[in-house]
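Hi there,

Here is the structure I promised to pass on. Have a look through it, and then read my notes below.

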Amino acid sequence: MLGELIAFCTSTKKDCVTAETLNSFEHEFLSKRFSRARHQASKDSGHAGARDIVSIQELIEVEEEEETLLNSYSTPSKGSQKRDITTPETPLTKRKVSTRSPHQLLSPSSFSPSATPSQKYNVRSNRGEVVTSFGSAQGVSWSGRGGAGIISLKVVGYPDSLTGSYKSMFQKLPDIREVLTCKIEELGSELKEHYKIEAFTPVLVPAQEPVTLLGQIGCDSNGKLNSKSVILEGDREHSSGAQVPVDLSELKEYSMFPGQVVVMEGINTTGRKLVATKLYEGVPLPFYQPTEEDGDFEQNMVLVACGPYTTSDSITYEPLLDLISVINRDQPDVCILFGPFLDTKHEQVENCLLTSPFEDVFKQCLRTIIEGTRSSGSHLVFVPSWRDVHHEPVYPQPPFSYSHLPPEDRKRVLFVSDPCSLSINGVVFGLTSTDLLFHIGAEEISSSSRTSDRFSRILKHILTQRSYYPLYPPQEDMAIDYENFYAYAQLPVTPDVFIIPSELRYFVKDVLGCVCVNPGRLTKGQVGGTYGRLYLRRQATEDREGRRSPCGAVQVVRI
């Protein structure tokens, strides 16, 4: 700027800088440059309309505030409009902002130079289609009471839950070994008590008679597990961590994956190979028993959705805006939203095309969801994902931190960790955004004489292993902090409902009395995806005939 002023003074032959010189410089040079820049920006940005709408709205609000302030000091003329009545509880500015639509709250052109809508998403013809159902969905009114009902949200953890960030990227191998050993010993003790087993035999001790061994399934090489590469790694108390190869030829049915804690019966004549003849099934934890603090309810509607919330060929977040419209229409009592909100796999993120920091884009999405659903009164639960590009990619993953949460929304917004056990009026939801089905499914081996459902097998493993991530070693993308994993990633109880989003096909299944739901993802590439909705009813008391699930009906619906 100083150089331009010197050039202007030289060209106009001004010896000194005066007020008149500065006025001439501003009029002849700066105003022309500003008009050229504004014209160029409007020509380059093909989608500046969204940003202009927001700017105009903000200008209107400022003018209204100035006019209100002016009228408060002047005598109103005859026939003038009355000023809006404001109170400390409902100030003018907050009421004005809350009436803005989600389309005005979210401005993709402010953080992306190419915010073009997705054509394939906009021309979809199956929006609102119910793709799968569970329970007595007929006759259910899929609408909640929003903020009218009494909702008790409580994170269930043992001994407590993960509430903030922690130091990661440094753990010793003996500490990891200690966690895995404790897991083997704890599950082994439960199986021993359940099946009335007298004692476990060391894995390397030769025996001509059938013996019972406790250990963890592993692979004898760096490759993928198969029926010829299975080894059993014994516990520390009985086997001192020794390993023995396992022959599965005598087993008619089995399902195994690396890291699974098992009790096997077989013959180990030489002490160098176990010929397995029986595989004991795991035992799940008991269900949660509601207390008076959990409140009472007749029925509740819960909506669940998992990101990405924008298509792969666009950053306009149109699916997210459509989901907000669904929330405002149906007014569910609770909305559980899983990440990623800004996907690390999105092409504009991978190619560094965004003009704003990742954190700012995420905050804009969060603000759009919170303010856009304020009229519905629905409680919002946010679960992070390791694919959230701005968040800490460690497992267990701490909750999002959002310091700009408006005071009027603090009672209805909850940020939880991944994974998390959440009680909604005494109904426990198991929540994880990690694609467990895909991870375990890629490593599992099985054999069965009858038709076996792969998803049900994997879900049964998760519930009986009593862990949100029982696979070891984990998938390469997973960065697990095992000290916090042992404290925060174990199942405290068997959940009534288990929400487990996956890239695999959506489904709803009843596994060991737990209703397991894969709602799919809100977008699948360039097209729209699905979300889930659940109908909860008053939980009946447990009797001899069996337990009645509090989840009465579930539907998976296309956005």
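A word on terms before we start: helices (H or I, at least four residues) and strands (E, at least two) are DSSP runs, numbered from the N terminus. This is a predicted model, in which local features need pLDDT of at least 70 and side-chain atom pairs count only at pLDDT 80 or more, while totals for chains, interfaces and linings use all residues. Residues are numbered from 1 along each chain as its sequence is written, and side-chain values use heavy atoms, with hydrogens and water left out.

Let's begin with Gln364, which sits in helix H11 (residues 358-372). Its relative accessibility is 17%, so Gln364 counts as buried (under 20% relative accessible area; exposed is over 50%, and partly exposed is in between, with a 1.4 Å probe and protein chains only). Beyond its neighbours within four places in sequence, Gln364 is in contact (heavy atoms within 4.5 Å) with Leu105, Leu106, Ser107, Ser110 and Phe111.

Next comes Ser112, in the loop between helix H5 (102-105) and helix H6 (119-122). Ser112 is buried, with a relative accessible area of 2%. Its side chain makes a polar contact with the side chain of Gln348 at 2.7 Å; such a contact is a pair of N or O atoms within 3.5 Å, where within protein one must be able to donate a hydrogen and the other to accept it, and residues adjacent in sequence count only if both atoms are side-chain atoms. Not counting residues up to four places away in sequence, Ser112 touches Gln348 along with Ile315, Leu354 and Thr355.

Now find Val389, in the loop between strand E11 (379-383) and strand E12 (413-415). At 24% relative accessibility, Val389 is partly exposed. Leaving out residues up to four places away in sequence, Val389 touches Leu342, Thr344, Val349 and Phe358. Val389 and Val349 are 40 residues apart in sequence, with 8.3 Å from C-alpha to C-alpha.

Best wishes
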